[in-house]
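Biologist: Could you walk me through reading ring contacts and exposure in a structure like this one?

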Amino acid sequence: MIVTYPFSAVVGLDDLKLALVLNAVSPRVGGVLVRGEKGTAKSTIVRALAAQLPSVAVVPGCRFACDPAAPDPGCPDGPHEPGAEGGERPAALVELPVGASEDRLAGSLDVERALTEGVKAFEPGLLAAAHRGVLYVDEVNLLHDHLVDLLLDAAALGTCYVERESVSVRHAARFLLVGTMNPEEGELRPQLLDRFGLTVEVRASRDPEERAEVVRRRLAFEADAAAFAARWAAEESALAARIAAARARVPGVRLPDARLRQIATVCAAFEVDGLRADLVTANAAIAHAAWQGRDAVSTEDVRAAARLSLPHRRRRDPFDAPGLDERLLEELLERTAGDDEPGPGDDDGGDPSDDGGPGAGTGPAPASAGPGSGPGSGGRDHAGPPPSLEPSDGTPPSEERGVAGVAAPYRVPLLEVPGLGEGAAGRRSRSRTRRGRSTGARRPAGPIGDLHVPATLLAAAPHQRGRGRRGAGLVLRGDDLREVVREGREGNLVLFVVDASGSMAARKRMTAVKTAVLSLLLDAYQRRDKIGLITFQGTGARVALPPTSSVEAGAARLRSLPTGGRTPLAAGLTRAAEVLRVERLRDPARRPLLVLVTDGRATAGGDVDRAAALLKGTASVVVDCESGPVRLGLAVRLASRLRARLVPLDSLADLGAVVRDYRKAV
């Protein structure tokens with residue numbers, strides 16, 4: 001038997017504990033996104049909570065975990081008779097791997113039964129397995145966008161719809177959704193961030209005593225897991241009982257109009273998009289009130305809910321980090337907290353002018369015996385809203401120590417790798433992918449991934465008499481199988497090689513260069529690329545940012561990029577060739593795109609022609625930064641050596657505008 005690390009034994013992380021508990025109390029909150037550095041017990045605490053959830057009653061034999069007291073009328077395994085005797089099982093913890101397919105997540109046609117028995121049957125996916133339990137997605141930021149969309153749609157609707165391969169199925173899919181991610185490996189798009197109900201930023205404690213206690217408990221657990229779990233059994237039982245009691249209390253918790261107006265005021269003041277923030281905050285405040293044993297939502301509940309539901313919804317730029325101005329939140333809550341005063345109009349004798357004020361007074365909320373007892377020590381930085389890369393007036397920020405500023409980014413044209421690749425799904429270059437339009441069928445080279453049923457049937461049909469077919473099923477052989485060939489778009493490795501030498505050091509010129517690169521970084525973010533950054537100046541070149549999915553890190557390095565010195569162009573090209581060689585070994589399917597930003601001058605380093613030859617066969621773009629009335633055309637000659645596309649810096653924004661206008665017209 002596998003022993004799970006006790007939830008109550010996790011040290012610190014109060015915000016994370018509270019967010020998980022609120023979702024356990026009321027799945028309508030909409031899930032939790034846990035952002036944090038590696039090694040902060042994200043996975044441990046999620047698995048620990050799943051072990052504390054109340055067991056669920058299920059209809060025997062139902063693959064969709066229907067409740068015997070109220071079975072799903074549309075259950076594919078139904079209909080089930082309401083009130084029938086059922087069994088019990090622990091709440092399921094289902095883990096969604098990063099490499100999962102859409103079929104594995106949502107379910108699909110049971111191909112084996114279709115081919116061998118001639119019947120159309122549905123094979124449930126992970127969403128069905130997670131119904132009434134926990135669906136855990138580790139590294140959710142690395143999951144393909146279409147899977148995240150499908151997952152969040154099901155979580156929001158509580159229902160999974162499958163329309164594929166002549167199968168039309170609807171089944172219940174209500175679960176506690178928890179996603180974890182390390183922002184260093186890439187961000188989720190703001191549209192997907194908004195779909196998560198709550199978010200928590202976690203960092204490892206810097207307190208030596210707390211760190212020592214974490215290690216002490218972990219060593220004790222690894223030495224004797226059963227004995228360690230037994231030591232915490234009483235706390236775990238109390239936690240499970242309190243979650244069950246809070247769940248039962250949720251339907252009776254009132255949300256007074258005064259608190260609803262308070263929630264709307266806070267969300268409007270923080271300028272969040274849409275109304276999802278208001279709905280999530282309201283549901284989280286109700287869950288918090290139930291968790292604290294209250295029968296009506298108070299200002300304290302609104303405060304706790306807002307601190308978890310709003311930070312990730314304030315992003316205005318993909319390079320912004322989630323954050324919340326706690327001082328503004330407190331001012332808004334104080335300004336709208338006057339309605340908290342009880343009066344004759346309330347059930348417990350409140351003010352008649354307040355038709356829905358809670359019975360609790362203005363005093364502090366009762367202390368919690370479990371997680372989330374305070375506003376949090378989950379490690380978030382509450383210093384204020386995050387700075388944006390985009391200045392409000394469109395001009396670069398102050399420039400100091402030879403560092404040019406960055407202006408507002410703009411839309412750039414599509415730069416793509418020619419040919420047809422087979423890399424990870426994205427939005428840049430043409431590629432054979434698992435998801436996209438079907439262009440045909442082929443014999444599988446290895447284990448079959450996406451079966452092409454019509455092509456398989458056509459391949460097997462002429463041989464049925466010779467194989468002695470009897471009955472409805474087909475007689476299949478391995479060489480009958482065909483897989484779908486799909487064409488879509490892939491993400492690439494976009495390697496920026498930026499000239500930071502003295503020839504680029506004119507303030508306005510370097511600002512234009514940085515803004516252009518920032519715009520290309522934004523484009524790479526939207527197209528789901530990996531990016532890397534090499535700079536060359538003085539006597540050599542350096543890798544400012546190794547290839548990564550974190551475009552935010554690239555933007556940060558770009559902002560602080562100094563300029564000056566000689567121009568070792570050959571060194572920059574040589575370093576680019578070395579980085580690409582290593583990346584081809586690591587990820588051979590991801591095709592590179594080299595973006596060289598330079599005026600073409602070379603005043604130091606080795607032979608440029610020899611260095612350019614190292615990049616033979618690499619798809620390249622040269623952004624020509626040469627300016628002024630007299631131009632030497634050095635970047636033009638360099639683009640010819642590299643067989644690269646040449647894009648003048650001045651026209652990059654104009655080309656983007658042409659592309660945008662053309663797309664609007666189409």
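Biologist: How many aromatic pairs does the structure hold?

Modeller: Five aromatic pairs turn up in this predicted model. Take F221 and F228: their ring centres are 5.9 Å apart with 75° between the planes, an edge-to-face pair.

Biologist: How do I read the angle for F228 and W232, and what does it make of that pair?

Modeller: Planes under 30 degrees apart count as stacked, over 60 as edge-to-face, and the rest as tilted. For F228 and W232 the planes sit at 45°, so that pair is tilted, with 6.4 Å between the centres. Along with Y5, the residues F221, F228 and W232 make up one aromatic cluster.

Biologist: Is F228 buried or exposed?

Modeller: Buried means under 20% relative accessible area. F228 has 1%, so it is buried. F221 counts as buried at 9%, and W232 does at 14%.

Biologist: Which ring does the charged end of R242 sit over?

Modeller: For that one, look at the distance from the charge to the ring centre. The charged end of R242 sits over the ring of W291, 3.7 Å from its centre.

Biologist: And where does T539 lie?

Modeller: Find the flanking strands, then check accessibility. T539 is in the loop between β15 (530-537) and β16 (540-548). The cut-off for exposed is over 50%, and T539 has a relative accessible area of 81%, so it is exposed.

Biologist: How far apart are T539 and R566 in space?

Modeller: C-alpha to C-alpha, T539 and R566 are 6.9 Å apart, with a sequence separation of 27 residues.

Notes:
Residues numbered from 1 in each chain as written. Predicted model: local features only at pLDDT ≥ 70, side-chain atom pairs only at ≥ 80, totals over all residues. Heavy atoms only, no water. Helix = DSSP H or I, 4+ residues; strand = E, 2+ residues; numbered from the N terminus. Buried < 20%, exposed > 50% of the residue type's maximum accessible area, 1.4 Å probe, protein only. Phe/Tyr/Trp six-rings, centres within 6.5 Å; stacked < 30°, edge-to-face > 60°. Lys NZ or Arg CZ within 6 Å of the ring centre and 35° of its normal.
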